[in-house]
Amino acid sequence: MSNIKPVIRVKDLVAKYGELTVLEGISVDIMPNEITVILGASGCGKTTLLKNILRLYEPFAGSVEFWGENVLDMNEKEFDDVLKKTGMLFQGGALLNSISIYENVSIPLEMHTNLDRDLMDKVIRVKLNLVGLEDAAHRLPAELSGGMRKRAALARAMALDPEILFFDEPSAGLDPITSEALDSLILTLKKQLNMTFLIVTHELASIHRIADKIIFLDGGEMLFYGTLEEAGKAGIAQMDHFFEVGRF
Amino acid sequence: MNLRVENNILYVQTDMDKFSVPELKSQFMRLKKSGDLEGISVIDLEAVNLIDSAGVALLDSFQQALEEDAKLLLTRGAQPKIRSLIDTFSTTKIKFAPIPKPQGFWESAGEATVNFYTKMVAALTLASEIFYYSFVGLFTPKSKRKGSLTQQAFLLGSQALPIVALLSFIIGFILSLQSGVQLKNFGAGIFLADLLSITMVREMGPLITSIIVAGRSGSAIASEIATMQVTEELDALRMMALHPIKFIVVPKFHAITIVMPILVMFSIIVGQIGGAIIALGMLDISMESFISRSVNILALKDIIISFAKSIWFAWVIVIVGSFYGFEVKGGAEGVGKATTSAVVTSIFAVIVFDAIFSLLYL
Ligand SMILES: Nc1ncnc2c1ncn2[C@@H]1O[C@H](COP(=O)(O)OP(=O)(O)O)[C@@H](O)[C@H]1O
Ligand SMILES: [Mg+2]
């Protein structure tokens, strides 16, 4: 077990917005083919953690390694290659609004591959199929429901067959059924494509369904990292409270 | 007195426990009766070392008593243990505020200068990135999406064309009307053609067009980018290993560089038509001589300046628009602010640069 290398290694990460320190000294290893769930109260810095790992905001201090290489030392071009193997699903989907979801999925392929029209079309269809949106391909994002938009964004994030997927609150604003469907899609991707996931979510049901590991953030620090089972025994008051309140 | 009022702040200068509370309360009531508490919006607790539930109850009653006058009552300066006691016992959800550092004149002047300076640096950095990627983009067709240039150019041009035409016509007409009357008095009506031609080519054509393009396209650029920032679309682009400047700004930059000179040319011609109506109708100049004088007066230098101006103004509009777009903070209302600032700043910048051009190349 111990010779498995982490896909992402975060060391002593400090994240700030101007003067405001949001995260302090976060260190964690994200293991391959695992679903790691980030938990914590609203505003505790979960989105900030994802964005700092992905350099959408530059971390203030610390290091972030992807596949053993510190990405903070990379220039933009080198980091582009890391990003091509990484996808992210944003809280609101973040689809480009002026073009159809088919075109949204096609952008990464157009920009980064030399596939001809026919092959590209096939790839796009496969990805839309995967999320069950083949019939909505030519609709604009504004014409879709929230759940469909998230699935479209997932298809786009999957366009280049990434090895790691980041999700920011995938089930926020979804009904339990749709949310469950999204979870099984995530589990399928994990099993069949050997993907690694880092997921921010509040939903207890979802956590129980998918989480291999849990990161618990509170007050800018990581209070816990481990399995769901260990979380129950860890005796961390804030986290116990979180699980207690979320149960229904 | 254990209560003191200064600058609309109520200072509590003693411990607040069940023993001191009655005295504090009567002092408070006296202050209130004498009207000294009007306009109080902050209670300062920095000097309080001890508080109990009676003290908190007193704070609550201060809150309720003051609330009619001041909706936003804040408490500040409390030590952590005092704060947590207040949090536990308060029934009115007392809000806390940090104590502001006093700011002197030099400090605020310094801060404004530093702000302006950092903004300028950010804008210039963005400008250099835009120039760099626009230049590089000319030779790497893959960095653009197919069709985005023609689409952008068409959008820009077709949006601005009707209003540029209308305004240029009116301005050409008015300029000629005003100067025609004067020139006629001196029997120099024939010079109207020269005058209008120079004015339209060197000044009015580029200026009118830029102001309209700033209003239409500059605002569109700012609001598009700002919206994408707010909805995380820019982050999403970055996640697709795309560069927002290359992907969004560069096609617009190329498009505007092509379209602007065409619009300016158009504006000049339509302005001349407006002038021709006066020349032919009021000053009895023939069509042939109007046209030939208009063309002959122009030196190559005038035309070059006209083009240089229009391209330079176009770049200013794109850069200012994208700067405010990328800089946006907050949600939907941030987008509106960014758009307004972009339009105001780019029109201002265009006029300033116009003045500089005119001074440099008279
Ligand atoms: N762009 C930003 N600028 C300044 N502060 C921000 C920005 N984004 C988030 N914050 C602040 O950082 C903190 C953490 O935010 P976030 O990571 O979005 O929380 P979460 O995703 O856990 O709800 C919050 O206090 C939020 O107000
Ligand atoms: Mg968030």
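The questions and answers below concern the pockets, surface and backbone of a predicted model.

Visitor: Which helix supplies the largest share of the lining of the largest pocket?
Guide: The largest pocket has a volume of about 1,400 Å³ and is lined by 34 residues, with Leu56(A), Tyr57(A), Gln229(B), Asp235(B) and Phe326(B) lying nearest its centre. Helices α1 (46–53) and α2 (76–84) of chain A each supply at least two lining residues, as do α4 (105–139), α6 (192–230), α7 (233–239), α8 and α10 of chain B. The largest share, five residues, comes from α4(B).

Visitor: How many residues of the lining of the largest pocket are charged?
Guide: The lining divides by residue class into 13 nonpolar and ten polar residues, with the others charged. Asp and Glu, together with Lys and Arg, are the residues that count as charged here. The charged residues of this lining number eleven.

Visitor: How many residues of the lining of the largest cavity are nonpolar?
Guide: The structure holds one cavity of 30 Å³ or more, and the largest cavity has a volume of about 130 Å³. Its lining comprises 14 residues, among them Gly87(A), Arg156(A), Ala157(A), Met239(B) and Met240(B), which lie nearest the centre; α2, β6 (86–89) and α5 (146–157) of chain A and α7 of chain B each supply at least two. Two of the lining residues are polar and two are charged, while the nonpolar ones number ten.

Visitor: Which helix supplies the largest share of the nonpolar patch?
Guide: The patch on the surface is formed by Met265(B), Ile269(B), Ile273(B), Ile277(B), Ile303(B) and Phe307(B), with about 520 Å² of accessible area together. Both α8 (244–281) and α10 (300–327) of chain B supply at least two of its residues. The largest share, four residues, comes from α8(B).

Visitor: Is Ile273(B) buried, partly exposed or exposed?
Guide: Ile273(B) has its place in helix α8 of chain B, and its relative accessibility is 45%. Buried means under 20% and exposed means over 50%, so at 45% Ile273(B) counts as partly exposed.

Visitor: Asn33(A) and Asp284(B) both have a positive phi; which of them is exposed?
Guide: Most residues other than glycine have a negative phi. Asn33(A), in the loop between β2 (20–30) and β3 (35–39) of chain A, has a phi of about 55 degrees, and at 29% relative accessibility Asn33(A) counts as partly exposed. Phi of Asp284(B) is likewise positive, near 55 degrees, and Asp284(B) lies in the loop between α8 and α9 (287–296) of chain B. With a relative accessible area of 67%, the exposed residue is Asp284(B).

Key: Residues are numbered from 1 along each chain as its sequence is written. Chains are lettered from A and ligands numbered from 1 in the order in which they are written. This is a predicted model: local features need pLDDT of at least 70, side-chain atom pairs count only at pLDDT 80 or more; totals for chains, interfaces and linings use all residues. Side-chain values use heavy atoms; hydrogens and water are left out. Patches are made of residues with over 30% relative accessible area and no salt bridge: like charges are joined within 9 Å, nonpolar side chains (Val, Leu, Ile, Met, Phe, Trp, Tyr) within 5 Å. Accessible areas come from the Shrake-Rupley method with a 1.4 Å probe; for residues, only the protein chains shown count as cover. A salt bridge is a side-chain nitrogen of Lys or Arg within 4 Å of a carboxyl oxygen of Asp or Glu. Buried means under 20% relative accessible area, exposed over 50%, partly exposed in between (1.4 Å probe, protein chains only). On a 1 Å grid over the protein atoms alone, a cavity is a set of points where a 1.4 Å probe fits but cannot get out, and a pocket is an open set with protein on both sides within 12 Å along at least five of seven lines; lining residues have an atom within 4 Å of a point. Grid points are joined across faces, edges and corners, and a volume is the space filled by probe spheres set on the points.
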